[in-house]
Amino acid sequence: MIGWPWWAWLWCAVSFAAEQPSTTAAAETRTVQTAIVPLVNFTTDRGLGYGGYGAVFYMGPDGPGDAPYRMQLGTQWYRTTGGYQDHKLVLDLPTLADGLVRAELHLGWERWDDAHYFGQGNRLPRLRPSETPHRFYAFGIDSVRSAATVQVNVGGNWSIAVGHLARTATIAVYPGSLLDGERPVGLEGGLLSQGSVGVVHDSRDHEAAPTSGGWSEISLRVAGTALGSRWAMWGGNLTDRRYWSLGSPRLVLASRQAVDVQRGDVPFFHQIVMGGSRWVDIGGPLAMRGLPIGRYRGEWTIYADAELRWEASGFQIGRGHYRLFFVPFVSGARIVEPGEGDNAFRPHGGMGLGTRLLFNDVFQARLDVAMGREEYRTDRAKAAVERAWIPGVYLAFNAPY
């Protein structure tokens with residue numbers, strides 16, 4: 001355990017200290033568990049970050065059954081030196097109606113003084129940071145969001161997922177920026193109100209750390225004036241996740257493949273957010289790791305990941321059980337923008353190594369260090385491009401898929 005990052009030791013100590021024994025029956029059932037995680041990290045997108053995440057897990061008097069828990073209530077307060085804030089409240093009820101219904105609610109407020117906008121499409125070489133005018137690739141955004149999903153089991157591993165996303169946005173356009181020059185849909189800000197419906201097939205053997213099976217979803221989403229949205233758009237998403245044990249349940253190959261399309265008046269600030277019942281944005285800690293959030297966006301997005309998850313250690317501290325994983329990974333995406341004329345394969349993304357710490361099979365912290373393949377202009381002409389590896393460092397909760 002000498003090779004652990006410092007945050008893993010701190011996370012162990014704090015989560016163990018915060019864990020509460022059951023107030024009913026025997027302590028072994030631990031009807032209520034809590035975890036408090038200090039957030040002190042650095043990401044290349046946002047600078048030095050600090051804050052905290054706390055969660056309460058209700059396991060039920062007889063345990064959670066096949067679900068990881070009967071209820072999770074979590075809250076986060078987080079900000080960075082790079083002008084970014086992300087505060088949220090999470091409610092997850094996976095066993096309603098005797099396990100036939102799962103309901104999730106995510107409420108949040110996000111503010112970013114220097115969010116990224118590099119244009120739209122797959123061929124977007126940028127100026128080197130040392131040559132980039134101040135805030136040329138930046139804009140400000142202040143956004144409140146509400147995402148609710150209800151998933152109803154309709155037999156076996158099949159479920160229907162119905163959801164609603166409401167997101168307000170106030171946009172700050174910096175004079176002389178690329179956004180100011182291109183002026184895409186969404187500069188005026190407002191409310192995006194979007195409904196969705198999908199079909200889910202879940203055959204995983206374990207939710208937090210699957211070793212076999214898969215999770216697949218096909219979904220449609222729509223926004224319009226009938227839902228109170230300022231913009232009218234529609235989209236579709238197909239996602240497939242697979243898990244294979246490689247000779248041992250302690251060594252698992254995990255993959256995710258997805259295709260997403262969005263048409264109509266899609267506000268530029270939401271183009272990087274994919275459809276489906278799980279929030280995925282392109283760039284940063286969830287997909288296309290190694291490159292910044294918002295580096296690429298467009299009408300069609302094809303993204304894929306692969307991870308080799310090795311459980312290096314499992315151990316007990318007091319009443320807390322911990323599992324330590326080391327995870328090499330690759331992650332990439334390809335944008336297809338009609339009219340761009342880029343017919344080459346040309347995917348973007350990177351590769352890296354992650355450390356995961358799973359607490360009582362219900363809560364996971366991860367640190368991913370990635371190297372992304374960036375493209376720079378050599379003389380402000382798009383035809384002349386140099387490529388270089390840049391770092392991406394991400395501290396997040398739960399696996400990306």
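Arg 204 is situated in the loop that links strand E8 (190–202) to strand E9 (213–223); helices (H or I, at least four residues) and strands (E, at least two) are DSSP runs, numbered from the N terminus. The model is a predicted one, in which local features need pLDDT of at least 70 and side-chain atom pairs count only at pLDDT 80 or more, while totals for chains, interfaces and linings use all residues. Residues are numbered from 1 along each chain as its sequence is written, and side-chain values use heavy atoms, with hydrogens and water left out.

With a relative accessible area of 19%, Arg 204 is buried; buried denotes under 20% relative accessible area, exposed over 50%, and partly exposed in between (1.4 Å probe, protein chains only). The side chain of Arg 204 forms a polar contact of 2.9 Å with the side chain of Asp 202. A polar contact is a pair of N or O atoms within 3.5 Å; within protein, one must be able to donate a hydrogen and the other to accept it, and residues adjacent in sequence count only if both atoms are side-chain atoms. Leaving aside residues up to four places away in sequence, Arg 204 touches Pro 210, Ser 212, Gly 213, Gly 214, Trp 215 and Tyr 243, where contact means heavy atoms within 4.5 Å.

The chain as a whole contains 3 helices and 16 strands. Its radius of gyration is 21 Å, close to the 21 Å that the globule rule gives for 401 residues, so the chain is as compact as a globular protein of that length; the radius is taken over C-alpha atoms, and the rule is 2.2 Å times the number of residues to the power 0.38. The C-alpha trace spans about 70 × 50 × 40 Å along its principal axes. Buried residues make up 52% of the 401 in the chain. Of the contacts between residues at least 6 apart in sequence, 61% join residues at least 24 apart.

Two nonpolar cores are considered next. A nonpolar core is a set of buried Ala, Val, Leu, Ile, Met, Phe, Trp, Tyr and Cys residues joined through side-chain atoms within 4.5 Å. The largest comprises 38 residues, and those with the most contacts inside it are Phe 57, Phe 139, Ile 141, Ile 171, Phe 268 and Phe 363. Apart from this core lies another, of 14 residues, with Leu 124, Ala 287, Tyr 296 and Tyr 303 among them. In soluble globular proteins, nonpolar side chains tend to be buried together. Phe 57 touches, among others, Thr 31, Gln 33, Tyr 69, Met 71, Val 362 and Phe 363, with residues up to four places away in sequence not counted.

Strands E14 and E15 pair in the antiparallel sense over 10 bridges; two strands pair if DSSP finds at least two bridges between them. Across this pairing, Phe 359 stands opposite Phe 363 in E15. Strand E15 is largely enclosed by the rest of the structure, because 12 of its 15 residues are buried. Antiparallel pairing also joins E15 to strand E16 (residues 385–397), through 13 bridges, with Arg 373 opposite Trp 389 in E16.

Asn 360 belongs to the loop between E14 (348–359) and E15 (363–377). In this hairpin, which has 3 residues between the strands, Asn 360 adopts a positive phi near 50 degrees. Asn 360 is buried, at a relative accessible area of 12%. The side chains of Asn 360 and Gln 33 are joined by a polar contact of 2.7 Å, and a polar atom of the Asn 360 side chain lies 2.6 Å from the backbone nitrogen of His 321. By contrast, 49 Å separates the C-alpha atoms of Asn 360 and Glu 182, which are 178 residues apart along the chain.

Further hairpins occur elsewhere in the chain. Strands E3 (residues 71–80) and E4 (residues 84–95) pair antiparallel over 6 bridges, and Gly 83, in a hairpin with 3 residues between the strands, takes a positive phi near 80 degrees. E4 is in turn joined by 10 bridges to strand E5 (residues 101–116), again antiparallel, with Leu 105 in E5 as the bridge partner of Leu 91. Strand E12 (residues 300–317) pairs antiparallel with strand E11 (residues 251–264) over 11 bridges and with strand E13 (residues 320–336) over 15 bridges. In the hairpin of E12 and E13, which has 2 residues between the strands, Gly 318 takes a positive phi near 60 degrees.
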